[in-house]
Amino acid sequence: MATLNGHKGAVRSVKFSPDGQFLASASEDGTIKLWKRKSTDGQWHISKTFKGHTASVWGVAFSPDGQFLASAGWDRTVRFWQQDGKLLKTFAGYKWGFWGVAFSPDGQTVAAANLDGTVKLWQPDTTGWQNPKPLQILQGHTAWVEGVAFSPDSQILASASEDKTVKLWRRNSKDGSYRLDKTLSGHSAGIAGVAFSPDGQTVVSASLDKTMKLWNIDGTELKTLRGHNASVWGASFSPDSSFIASAGAENLVRLWQSQNPFQKSVIAHSGGMWSIAITADSSTIGTTSHENVAKFWSRQGKLLKTLTEKSVIFEVSFSDNGKLVALFADDAIVKIRRRDGTDVASYKNPHGKITGAVLSPDGQAIAIANVEKIAQIWKRDQPKSQVMKGHQAEVWQVVFSPDGKMVATASADGTAKLWTLEGKLLTTLVGHSASVWRVAFSPNSKIVATGSGDNTVKLWTVNGKLLQTFKGHTAAVWGVGFSPDGKIIASGSVDATVKLWKLDGTEITTLRGHTAAIRKIAVSRDGTFLASGGDDNTLIIWNLPRILKLNALADGCSLVQDYLRTNTAVEEGDALGGNLHPLCH
């Protein structure tokens, strides 16, 4: 570690040259210093001091070839320099100062964050950056712009502002200008820094609200990183994308894993999550909320498509071939559509408020749950539905068995019932002491799991024999599902956890990541992931194989290996070093 002394004021920005041999520092003393690394001992010394600014310099950047620098200051100027310190051009006459500056990776654009709420752009003329010229002024923010960053392919420019938003501007291939593409909203205070991941697919924003947020470039919020105790001023990705470094007003640098190896998360909706369904080929996840949209996601958490209705969509389900999707909305109409959104069929419910509706595996029928203590099966070739009576209270959920021969219903009367497709009652599952919220069949259609307001999951044969009661949740169970081999049960609860269980009642593990009640879970048919969602609006895609094969010691050592190797304060005899060094060798 080295400390570089030489400035007479606070240092506001530092940047390495592309080849790593130079470091530029911008200071409140009005200068930029260029530091060069000695090849003999690796020490840094001042190579040049760039003088010209008449006030604090808050931004500095190298051109991709390392031959030029741009600087931005509170003297209301942006200046272009040669690496040897020669001032090439000064752009002045602005009403407000500048905060940050960046070169595009392709070297065709410079962007500067202006405190007048705009982003100013420049481009080289035919001689290159020897004679830069103004390109464009980007307007749209309503407060100071404090940070700018280009995507690795130079096609997207991100700007961070005191107006609590990040804006993504996309380049026009014809003239090199930029237009507003997305506005990222979610922070509760101003945003001071923004950066792209090396693959250009993720944006990190650093805010005065003490958090950082990760976003997909399509505008989807992925997650919030909490841990700072004061304003966060900047963040950046490591070259291999594995870590994010952040710094702020608490005088600390924090390192974060950019990707959780055990799960991916995305802020999927804004009105809670009411339904999750996964296609039989495990390629697509469908979600709904207290909104008028259904969303389709890839297994990596990328938004694929959004279907919009005129009323709130409460549930989504797929046919086994993945070609059809059923949507149940609060207008009492259940619609069957193709994946492209075109209509196939619809059913208008005449029997009161619907609480759930799902498509049969073959796509030829819909099962419907109802507050009027009934369930229905509507076959597409029939004008009326088959009504199933027997519950003594609201029916909260209805599901088809995987073989398509039975339907199960879950009710507020504390029971679940199994029916034939013709409406004949087969079995009543009695044993819970509160409402049964969820019911699920095992893959072979021979076992049923129920989740209840009594905080338990129960396992039954289809003949009604109670096999096991799973205790461990501290609140109602609103999600149940089986692994593809039928050997593991998953449960999601209002206590914000997902639990995995063996069939004998042994708890395998508890998955924590949600911050509010979990309303629904689903397990992929290929067993590679579990999807959960609930009142925190977050869709979490859990990596089941990685979770089930967890090696806590190996994973822990992997995280701290650099710390143990490079932190000079940790000795093998220390409390921390003495405990970890032998274990992690």
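**Figure 1. Overview of the predicted model.** This structure is a predicted model, and the views that follow zoom in on parts of it. Its secondary structure comes to three helices and 51 strands. Along the principal axes, the C-alpha atoms fill a box of roughly 90 × 60 × 35 Å. Of the 585 residues in the protein, 54% are buried. The chain is divided into domain 1 (11–139), domain 2 (269–549) and domain 3 (552–584). Taken over C-alpha atoms, the centres of domain 2 and domain 3 are separated by 45 Å.

Figure 2. β30 and β31 make a hairpin with three residues between them, where A332 in the turn shows a positive phi of about 70°.

**Figure 3. The side chains of β30.** In a regular strand the side chains alternate between the two faces of the sheet. Strand β30 (residues 324–329) lets you follow this residue by residue: L324, A326 and F328 point one way, while V325, L327 and A329 point the other way. Are these residues buried or exposed? All of them are buried, and the strand is described as mostly covered, with six of its six residues buried.

**Figure 4. The open sheet β37-β38-β39-β40.** Four strands form this sheet in the order given, and the pairing is antiparallel. β37 and β40 (425–430) stand at the edges with a single partner strand each, so one side of each is left without a neighbour in the sheet. From one strand to the next, the twist averages 20°. For a closer look at one pair, β37 is joined to strand β38 (residues 406–411) by five bridges, and the two run antiparallel. V398 has T409 in β38 as its bridge partner.

**Figure 5. The second largest pocket.** Rolling a probe the size of a water molecule over the atoms shows where empty space is left. About 920 Å³ of space lies in the second largest pocket. Its lining counts 37 residues, and those nearest the pocket centre are I278, V399, F400, V523 and R525. Which elements give two or more residues to this lining? They are β25 (273–278), β29 (313–318), β33 (354–359), β37 (395–400), β41 (436–441), β45 (477–482) and β49 (518–523).

**Figure 6. The open sheet β5-β6-β7-β8.** Four strands form this open sheet, in the order of the title and with antiparallel pairing. β5 (57–62) and β8 (87–91) are the edge strands, each pairing on one side only. The twist averages 15° from one strand to the next. Strand β6 (residues 68–73) and strand β7 (residues 78–82) pair in the antiparallel sense over five bridges, and F68 stands opposite Q82 in β7. β7 is joined to β8 by four bridges, with the two strands running antiparallel; here F80 stands opposite K89 in β8. Four residues lie between the strands in the hairpin of β7 and β8, where G85 takes a positive phi near 100°.

Figure 7. D116 is found in the loop between β10 (110–114) and β11 (119–125). With a relative accessible area of 36%, D116 is partly exposed. F98 is 18 residues apart from D116 along the chain, and their C-alpha atoms are separated by 8.6 Å. W501 lies in strand β47 (residues 497–502). Why does W501 count as buried? Because its relative accessible area is 1%, and buried means under 20%. The C-alpha atoms of W501 and K487, 14 residues apart along the chain, are separated by 8.6 Å.

Methods
Residues are numbered from 1 along each chain as its sequence is written. This is a predicted model: local features need pLDDT of at least 70, side-chain atom pairs count only at pLDDT 80 or more; totals for chains, interfaces and linings use all residues. Side-chain values use heavy atoms; hydrogens and water are left out. Two strands pair if DSSP finds at least two bridges between them. Axes are lines fitted to C-alpha atoms, for helices over the stretch in contact, and angles run from 0 to 180 degrees between N-to-C directions. Domain bounds come from an automatic or database domain assignment. On a 1 Å grid over the protein atoms alone, a cavity is a set of points where a 1.4 Å probe fits but cannot get out, and a pocket is an open set with protein on both sides within 12 Å along at least five of seven lines; lining residues have an atom within 4 Å of a point. Grid points are joined across faces, edges and corners, and a volume is the space filled by probe spheres set on the points. Buried means under 20% relative accessible area, exposed over 50%, partly exposed in between (1.4 Å probe, protein chains only).
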